[in-house]
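Welcome! Please take a look at the structure below, and then let the briefing that follows walk you through it topic by topic.

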Amino acid sequence: MSAFFPQLRNNKKAAWLATFAVAAVLVALPFVVGLTGNAGVRALAFAALYVMLALGLNIVVGFAGLLDLGYVAFYAVGAYMYALLASPHLASNFPIIAQTFPNGLHASVWLVVPLGATLAAFFGVILGAPVLKLRGDYLAIVTLGFGEIIRIFINNLNAPINFTNGPQGITLIDPVKIAGIDFGRPQHFFGLPVPSVYMYYFLFVLLAVIAIVVCLRLQDSRLGRAWMAIREDDIAAKAMGINIRNVKLLAFSLGATFGGVSGAMFAAFQGFVSPESFSLVESIIILAMVVLGGIGHIPGVVLGAVLLSLFPEILRHTVVPVQNQLFGHVIVDAEVLRMLLYGLAMVVIMLYRPKGLWPAPEHGIAPHSDGKADVVKPQVA
Amino acid sequence: MGDVILKITGVNKRFGGLQALSDVGIEIERGQIYGLIGPNGAGKTTFFNVITGLYTPDSGTFELDGKSYAPTDVHKVAEAGIARTFQNIRLFPDMTALENVMVGRHVRTKATALGAVLRTRATREEEAGIRKRALELLDYVGITRYANFQARTLAYGDQRRLEIARALATDPKVLALDEPAAGMNATEKVALRELLSNISKDGITILLIEHDVKLVLGLCDRVTVLDYGKMIAQGEPGDVQRSPAVIEAYLGGAHKNVATKEHA
Amino acid sequence: MDTFIQQLLNGLVLGSLYSLIALGYTMVYGILNLINFAHGDVLMIGTLTALSTILLLQSMFPEAPGWLLLLAGLATAIPTCIIVSLVIERVAYRPLRNAPRLAPLITAIGVSIVLQTVAMLIWGRNYLVFPQLLPAAPLEVGGAIVTVTKVVVVALSAIIMIGLMLLVNRTKLGRAMRATAENPRVAGLMGVNPDSVIMITFAIGAALAAVAGVMIATTYSVAHFYMGFIPGLKAFTAAVLGGIGNVPGAMVGGILLGVIEALGAGYIGEFTGGVFGSNYQDVFAFIVLCAVLIFRPSGLLGERVAERA
């Protein structure tokens, strides 16, 4: 907690209190929101999922300073991997599989999540390796290209051999099953009925918290410093013995693993995946979360993810009824309005608050100076 | 003949139509302070960039501590043991002074991402060690009080010292300094001279590009003079200073006969 | 019918379109070192404006000749694109000229999204039919079939590109543009107003995009809010292929990319034994893009990237 609010650093008691309070709110939240129906809790679960995704992208963009516009590719890899290993699709299209696995493919979460993470990391290395030496805008475009290439392949790998079922996607994906508890069915704990959505919410929040802790630890480590050094001046970083290539690759693959795990969870949650969920727009939305929240600042990124994923839901529930009231029908579709506001937000934030809504607090300014930059900044090539 | 720690010979570097370096070489003995001087544009920084791997030379042999090295990867050169500072100061501006020096320890430490995430004991101990050493180095160069301030807010002279501290953090065999005294006033230069002298006494070899004649004379054991990419003199500072070729390079032909005049 | 010639001609048509759009990217990049992400969407806005104009005029003057309607469409598309482009430059790019490179790229993405959503609001999300304005009767050229539209596209593009080359190389304005691209400050000292030159550069690029967009819509008979994205990306590929910042390079790159894409899409079925079909057409451009940026970022006609100190 003190990582989020540095004022708490000196007051251990207050820090613990704050942590406890937040935890209590998080646990109670679905039950409160659930009073209006499952849709709200669903939105909360997705918010937690997006926190993971945004944190993963933040490692690449925020920590290592690499603008990746194709991040959704890793999300897709994780999702489709889980979909293929835990649904009837492969068994019904490939007799060999049906024979080897007469009960169908039902890979367990404990297998799939590490596998998804590894596969995504592997893709991270493949996609990252050739592009590392590119500068900012070129890197962005190439990663965008990679993301699109992957989506096109997923969309078209249904002929001649049906791997991905093309535009129709893969359905009937198993829900998560941990310790005998089937997340796809409502359960009961301590006599309290807990719908499936709530359980996914708790799982995702737990994963999000783990993600936050991992990121915090990475940031404050030898690796985290190396990333920051590269971001600030890569030639000086090289001169200090940092192997830029490997360090950047590490950022790419670590970021990718977050995407892969999130993807697998998404597939289980939704029960169905299709290429539509993995378009460029998705990459841009995740990027918007990082940028608007506060590039490189973990609390900011979390805030950005939560705001930008919940905001459209809120919008949908207000804009539509208001328009119906005022005009009798919907003039501006909530979907369109959401994207419009995203776009405007990106422009406005970059112009007026480029460090994001919740930027990292400034380090100390040396007392005798006027706080302005003295060092001749190297030209950004 | 002492123990040679850095031996470079036959370096040639051409940029398009310009021959920036012609057959330049130096030989530095362990523990020496070696100066590289010459008028502006002579190729001194180019030479630095070649030996530290920023530029790829057209030819040359490179030997550090008896082992030959290829100056192709900058980070490998640092790993091998040559640490440098830059003419225009290249600190990490938004990181604190302490963090800047801690980055210098990167090349001599090995904590991995996994270790960081799991916070293993080995990682925690290494982190503590890094921080301790960084503080020691800040103290060594005299800027401990600025440890937690952003590097770009430090005064100019302090920034130069920070850059030296960061370079020292890599445990170099040779410390290559590109105009460390540039922009300093007389008092700062005295302090710098003392610092460099201490570093040398502590066993680190120093290679220095410098314009300040007094500093060079007072500090360097040997110097090489470059002009238009060629070596025009090599030897002890006093001798080199009197060489007609050197005087001509700095002051022009009319002053060639000033050779016998003593300078401060 | 000789497939090769056919595909080659298709490639020429496609390439001409890419060249027109690529010129916009390359000129802006040459001066500002900025990828104008929103360029493709400016094209889209112009095209849809033209469509509206044409439909309006068609309903008012049902016997008006097709080419006249086309000209009217262009007459509204070009100024629209220019204005939109200038507004974007002024509002989203100019304030960020000295900001770290990430910032204008993100604003550009934001602008792109805004343009698309505005288009969605005005024209809806559906694919709109762009009327057939030029005679549709096919002509035979050397064993291949072309239409009047395709001939017009190639001819018009060629004229425009020649005009642009003359402008850049033979006029005072062209000199000013080249000077600003090399060194804006010094150009300023020589009496050139860099802001004006930048605005003119954006305007020219926008005008070219407008023409290209209307041509695309005429060729494929369709227009919609997302139509700028893929051509924009491909045109950017073309610009990079020829050497970003290099005007003749954009032309060469455009034609080359068009030909590669047409031949690739035409023959890929045969090459891969039916595994990959022409639905992978877009992938070609992406692969070319990635390959060029990775292996030869300076492009075909560009300068070698200098080493840094």
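In chain C, H1(C) and H8(C) cross in a left-handed way; a crossing is left-handed if the near helix is turned anticlockwise from the far one by less than a right angle, and right-handed if clockwise. This is a predicted model, in which local features need pLDDT of at least 70, side-chain atom pairs count only at pLDDT 80 or more, and totals for chains, interfaces and linings use all residues. Residues are numbered from 1 along each chain as its sequence is written, while chains are lettered from A and ligands numbered from 1 in the order in which they are written. Helices (H or I, at least four residues) and strands (E, at least two) are DSSP runs, numbered from the N terminus.

- Two packed helices are described by the angle between their axes and the distance between the axes.
- Axes are lines fitted to C-alpha atoms, for helices over the stretch in contact, and angles run from 0 to 180 degrees between N-to-C directions.
- Angles under 35 degrees count as roughly parallel, over 145 as roughly antiparallel, 65 to 115 as roughly perpendicular and the rest as oblique.
- Helix H1 (residues 3-32) of chain C packs against H8(C) at about 160 degrees, with the axes 9 Å apart, so H1(C) and H8(C) are roughly antiparallel to each other.
- The contact of H1(C) with H8(C) draws on 19 nonpolar, four polar and no charged residues; Ala, Val, Leu, Ile, Met, Phe, Trp, Tyr, Cys and Pro count as nonpolar, Asp, Glu, Lys and Arg as charged, and the others, Gly among them, as polar.
- Helix H6 (residues 172-182) of chain C also packs on helix H8 (residues 194-220) of chain C, at an angle of about 105 degrees and with axes 10 Å apart, which means that H6(C) is roughly perpendicular to H8(C).
- H6(C) brings C:Leu173, C:Ala176, C:Met177 and C:Thr180 to this contact, and H8(C) brings C:Pro194, C:Val197, C:Ile200 and C:Thr201.
- Helix H2 (residues 39-60) and helix H4 (residues 102-123) of chain C have axes that come within 9 Å and cross at roughly 20 degrees, so H2(C) and H4(C) are roughly parallel to each other.
- The crossing of H2(C) and H4(C) is left-handed.
- Residues of H2(C) in that contact include C:Met44 and C:Leu48, and among those of H4(C) are C:Leu115 and C:Trp123.

**The sheet in chain B**

- Six strands of chain B make an open sheet with mixed pairing, in the order S6-S7-S8-S3-S9-S10; two strands pair if DSSP finds at least two bridges between them.
- Strand S6 (82-84) and strand S10 (230-235) of chain B are the edge strands, each pairing on one side only.
- From one strand to the next, the twist averages 20 degrees.
- Strand S7 (residues 174-178) and strand S8 (residues 205-209) of chain B run parallel and are joined by five bridges.
- Opposite B:Leu207 in S8(B) stands B:Ala176.

**Where chains A and B meet**

- Between the two chains, 36 residues of chain A are in contact with 40 residues of chain B; two residues are in contact if their C-beta atoms, placed from the backbone, lie within 7 Å.
- H9(A) gives the most to the side of chain A that touches chain B, with seven residues.
- That side of chain A has 20 nonpolar, eight polar and eight charged residues.

**Confidence in chain A**

- Chain A averages a pLDDT of 83, and 91% of the residues score at least 70; pLDDT is the predictor's confidence in each residue, from 0 to 100.
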